[in-house]
Protein chains: 2
Amino acid sequence: MNEFELIGRYFDRKQKPADVKVGVGDDGAVLVPETDRDQVQVIDTLIAGVHFPVETKPADIGYRVVAVNLSDIAAMGARPRWMTLALTLNDNSEQWLQSFTNGLFEAADEHNVALVGGDTTRAAQVTVTVTITGDVERNAALLRSGANVGDTIYVTGTLGDAAAGLDCLRRHQADAFLVSRFLRPTARIETGRALVGKAHAAIDISDGLAGDLKKLLSASGLGACVEIERLPLSTPLQQRFDAQHQMRFALTGGDDYELCFTAAADTVAAISGITAIGTVTESPQLTFTLGGDVVDIDDSGYRHFA
Amino acid sequence: MNEFELIGRYFDRKQKPADVKVGVGDDGAVLVPETDRDQVQVIDTLIAGVHFPVETKPADIGYRVVAVNLSDIAAMGARPRWMTLALTLNDNSEQWLQSFTNGLFEAADEHNVALVGGDTTRAAQVTVTVTITGDVERNAALLRSGANVGDTIYVTGTLGDAAAGLDCLRRHQADAFLVSRFLRPTARIETGRALVGKAHAAIDISDGLAGDLKKLLSASGLGACVEIERLPLSTPLQQRFDAQHQMRFALTGGDDYELCFTAAADTVAAISGITAIGTVTESPQLTFTLGGDVVDIDDSGYRHFA
């Protein structure tokens with residue numbers, strides 16, 4: 001099967017939304033942006049052995065690469081519409097591709113995202129880059145900057161599950177919930193949309209709460225105090241790991257793909273699935289407390305080139 | 001230098017065009033598409049050792065990855081505006097990054113393309129994916145489909161130089177012109193723009209004239225007859241290689257990034273830098289002739305997964 005047959009068989013779905021005039025199969029996609037909205041573009045790469053274990057099922061790789069990009073779209077308060085895919089394969093078995101595209105389209109279909117273009121190449125190292133284009137009401141995108149002194153800091157969902165799930169995978173321990181939280185993160189698109197006009201600043205947690213909140217605060221020129229006992233933790237995380245591990249996974253584990261945002265508390269009271277964890281301060285430090293005592297956190301998160 | 005310092009130092013140029021509200025440095029870019037135009041999106045990946053020799057200078061890698069994407073934009077008749085970059089490095093030396101970004105921005109600045117976002121990762125294999133977003137007059141994008149029986153077939157520039165240049169590189173032979181045609185292809189943006197409303201079908205020649213023209217004809221449901229003696233060949237190609245090699249490089253060499261398009265001859269007479277090479281036929285075969293005799297061509301071009 002050559003590159004062109006492969007694209008036709010696995011990536012060119014004949015049904016296209018009305019805003020996609022030309023999708024997969026020409027030199028480029030031809031799209032119709034909606035007028036009176038800003039456009040949001042995101043791009044993220046996953047590499048076998050770096051971002052996921054090499055033995056990860058292709059369906060999970062496909063799902064995850066879409067979900068992590070959707071998470072960036074969610075953090076901007078945008079609605080996702082179109083995606084493109086740059087896929088570097090080392091295996092062109094139909095089974096691999098069928099599984100990969102099943103996962104890819106499962107994640108895309110949950111949010112009505114159309115695959116509109118791509119490039120398929122072959123090399124030793126499986127590398128998957130996805131871009132997603134979305135849109136948001138004019139001048140309403142949620143940015144990292146914009147937090148106000150006195151804002152309450154919130155996170156969606158629970159923290160630390162994905163890092164715990166990856167730890168389980170590495171130690172070949174089965175925990176369906178935690179592993180699934182790593183392999184198939186939930187992009188908080190609906191929450192992001194609900195925050196438009198309400199949140200003052202937002203970021204998605206990909207490198208760990210401590211590191212990502214620090215980026216938000218740095219962009220906003222402010223600091224914060226976070227109470228560790230308020231961090232939302234799942235029951236499986238608490239059952240399987242001791243308090244020290246729970247804290248490490250939740251604060252610096254990364255891969256959560258939950259949102260962290262700041263807002264005036266009364267404006268977001270009606271939004272479900274969010275937890276207040278602290279307050280934005282004028283002093284530029286990010287401080288974590290546990291039982292009232294300040295705790296020292298390695299906030300580096302996951303960094304390339306560290 | 002960590003990922004965030006790296007992005008700030010090398011990729012975040014503070015000057016942004018007015019249509020870029022938020023560029024590099026947030027979860028996503030915030031952009032303002034022009035109303036009343038269709039949007040065009042393209043994506044292309046280059047991998048060290050696959051698409052260019054591993055010893056290629058980073059500046060040339062940076063230039064080339066932008067140019068090959070611009071070529072897709074040109075083939076759609078579009079005007080480029082924004083690009084995103086997914087860069088997988090195996091070397092985070094400042095020298096490498098400075099050279100790479102010099103080449104990247106040199107190619108982008110030639111066409112006023114703004115870098116609006118990216119993702120930087122680290123792995124053994126250097127992989128560079130670029131996306132470019134452009135726009136084109138409503139319903140005016142040039143497609144591979146749309147050729148008419150009797151159309152004249154044209155190409156821009158000269159053919160075969162890039163494949164000859166790659167051949168020189170591999171044999172460590174110096175030929176500044178041919179090597180530069182491989183490393184720094186010229187995206188035919190101006191010609192693509194001039195063809196809007198005139199060309200009936202267009203494609204860029206990345207895999208070789210024979211293979212790419214066949215894709216255009218297949219999308220149009222037609223065939224063609226091409227006269228090999230009419231193919232535009234550069235003087236350096238003709239001086240350095242025998243007739244057999246000239247023909248092979250020009251027809252199946254790939255990497256030319258010239259445009260191939262079909263049009264009624266009188267409509268494009270005023271456009272410079274194009275050469276008529278054949279005619280679109282109703283019979284679906286693609287036939288090459290030399291001195292009036294039909295010649296057999298291996299039309300596979302460069303294929304991944306062949």
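**Domain arrangement and a helix pair in chain A**

In this predicted model, the C-alpha centres of domain 1 of chain A and domain 2 of chain A lie 26 Å apart. The division of chain A assigns residues 3–137 to domain 1 and residues 152–295 to domain 2, and the contact between these domains draws on 28 residues from domain 1 of chain A and 20 residues from domain 2 of chain A. The size of an interface is often expressed as the accessible area that is lost when the parts come together. For domain 1 and domain 2 of chain A, the area buried between them is about 1800 Å², with 57% of it on carbon and sulfur atoms. On the side of domain 1 of chain A, the residues that lose the most area to domain 2 of chain A are A:Arg64, A:Ser71 and A:Ala75, which together account for 27% of what that side buries.

A pair of helices in chain A was also examined. The axes of helix 2 (residues 58–75) and helix 3 (residues 94–109) of chain A come within 6 Å and cross at roughly 30°; because angles under 35 degrees count as roughly parallel, helix 2 and helix 3 of chain A are therefore described as roughly parallel to each other. The crossing of helix 2 of chain A past helix 3 of chain A is right-handed. Among the residues that make this contact are A:Ile61, A:Gly62, A:Val65 and A:Val66 of helix 2 of chain A, together with A:Trp96, A:Phe100, A:Gly103 and A:Ala107 of helix 3 of chain A. Classified by residue type, the contact of helix 2 with helix 3 of chain A comprises 12 nonpolar, three polar and one charged residues.

Conventions: Residues numbered from 1 in each chain as written. Chains lettered and ligands numbered in written order. Predicted model: local features only at pLDDT ≥ 70, side-chain atom pairs only at ≥ 80, totals over all residues. Heavy atoms only, no water. Axes fitted to C-alpha atoms, helices over the stretch in contact; angles between N-to-C directions. Helix = DSSP H or I, 4+ residues; strand = E, 2+ residues; numbered from the N terminus. Parallel < 35°, antiparallel > 145°, perpendicular 65-115°, else oblique. Left-handed = near helix turned anticlockwise from the far one by under 90°. Contact = heavy atoms within 4.5 Å. Nonpolar A, V, L, I, M, F, W, Y, C, P; charged D, E, K, R; others polar. Domains from an automatic or database assignment. Buried area = accessible area lost by both parts, 1.4 Å probe.
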